[in-house]
Amino acid sequence: MKRANLLLITAVLLMPQMAMADDTPTNAMAASNPTATPQTVSLYDQGLAASQANDFQKALPLFEQALRNDPNNPDILNMLAHAQRKIGLIDESIANYKKALELRPKFPEAHEYLGEAYMQAAMREVETLKNYGNDGKEELEDLSGDIKEETQKL
């Protein structure tokens, strides 16, 4: 468990060094999934538009409804996870990114977003340790040392 958290925190520290890409996907679900129904494509497009406007509360139910229509669509799963992550539903988003990647293992956008979700999860754990005060001080120091050690390997 400690190793997994270390990897997550290391990824968080690397983020500023990485080129920052636009966080809103632009691929057209209909192009990658020609069997999607017009209703599903419309829901997805509405969700995508809401996401691009940073209205993730509006996007979430649209992607959920699209997913009910097409439960094995990796594009919908990816965007549902994206909306979930943006409103703080980190664990749910990780599960949906993983489902998307099971369906389409070579899905760079989902891999990127999954990494971002892991970083958010890692930061949540760091904050938890900080909130423990002296009870979490040793673990936080250990984790910080491990992060420093791992980042020096880059």
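This is a predicted model: local features need pLDDT of at least 70, side-chain atom pairs count only at pLDDT 80 or more; totals for chains, interfaces and linings use all residues.

**Entry 1: the overall layout**

I started with the secondary structure and found eight helices and zero strands. Reading along the sequence gave me the pattern α-α-α-α-α-α-α-α. The chain has 154 residues, and 43% of them count as buried. I then asked for contacts between residues at least 6 apart in sequence, and 60% of these join residues at least 24 apart.

**Entry 2: helix 3 on helix 4**

Two packed helices are described by the angle between their axes and the distance between the axes. How do helix 3 and helix 4 run relative to each other, roughly parallel or roughly antiparallel? For helix 3 (residues 38-52) and helix 4 (residues 56-69) I got an angle of about 160 degrees, with the axes 8 Å apart. With the cut-off at 145 degrees, the two are therefore roughly antiparallel. I noted the crossing of helix 3 and helix 4 as left-handed.

Next I listed who meets whom. On the helix 3 side the contact includes Leu43, Tyr44, Gly47 and Leu48, and on the helix 4 side it includes Ala59, Leu62, Phe63 and Ala66. I compared this with burial: Thr40, Val41, Leu43, Tyr44, Gly47, Leu48, Ala50 and Ser51 are the buried residues of helix 3.

I also checked the length of helix 3. Its 15 residues should span 21 Å at 1.5 Å a residue, and the end C-alpha atoms are 21 Å apart, so expectation and model agree. Just past the end of helix 3, I found Asn54 with a positive phi of about 60 degrees.

**Entry 3: helix 4 on helix 5**

Helix 4 and helix 5 pack at about 150 degrees, and their axes are 9 Å apart. That makes this pair roughly antiparallel too. The crossing of helix 4 and helix 5 is left-handed. Among the residues that make the contact are Phe56, Leu60, Phe63 and Leu67 of helix 4, and Ile76, Leu80, Ala83 and Lys86 of helix 5.

Leu60 sits in helix 4 and is buried, with a relative accessible area of 11%. Which residues does Leu60 touch, not counting residues up to four places away in sequence? My list came back as Leu80, Ala83, Gln84, Ile87 and Leu89. I also took a C-alpha distance: Leu60 and Lys86 are 26 residues apart along the chain, and their C-alpha atoms are separated by 9.8 Å.

**Entry 4: helix 6 and its cover**

Helix 6 covers residues 90-103, which is 14 residues. At 1.5 Å a residue it should span 20 Å, and its end C-alpha atoms are 20 Å apart, so that check agrees as well. The buried residues I found in helix 6 are Ile90, Ser93, Ile94, Asn96, Tyr97, Ala100 and Leu101. What covers them includes helix 5 (74-86) and helix 7 (108-131).

**Entry 5: salt bridges**

Side chains of opposite charge can pair when their charged atoms come close. How many salt bridges does a search of the whole structure find? I counted five.

I looked at Arg104 and Asp75, whose closest N and O atoms are 2.9 Å apart in a salt bridge. Arg104 lies in the loop between helix 6 and helix 7 while Asp75 lies in helix 5, so the pair ties together parts that are 29 residues apart in sequence. Is Asp75 buried or exposed? Asp75 is buried, with a relative accessible area of 1%.

Another salt bridge joins Arg124 and Asp91, at 3.0 Å from N to O. Since Arg124 is in helix 7 and Asp91 in helix 6, this pair ties together parts that are 33 residues apart in sequence. Arg124 is partly exposed at 33% relative accessible area, and Asp91 is partly exposed at 47%.

Arg124 also forms a salt bridge with Glu125, at 3.7 Å from N to O. Glu125 is partly exposed, with a value of 32%.

Methods: Residues are numbered from 1 along each chain as its sequence is written. Side-chain values use heavy atoms; hydrogens and water are left out. Helices (H or I, at least four residues) and strands (E, at least two) are DSSP runs, numbered from the N terminus. The expected span of a helix is 1.5 Å times one less than its number of residues. Buried means under 20% relative accessible area, exposed over 50%, partly exposed in between (1.4 Å probe, protein chains only). Contact means heavy atoms within 4.5 Å. A salt bridge is a side-chain nitrogen of Lys or Arg within 4 Å of a carboxyl oxygen of Asp or Glu. Axes are lines fitted to C-alpha atoms, for helices over the stretch in contact, and angles run from 0 to 180 degrees between N-to-C directions. Angles under 35 degrees count as roughly parallel, over 145 as roughly antiparallel, 65 to 115 as roughly perpendicular and the rest as oblique. A crossing is left-handed if the near helix is turned anticlockwise from the far one by less than a right angle, and right-handed if clockwise.
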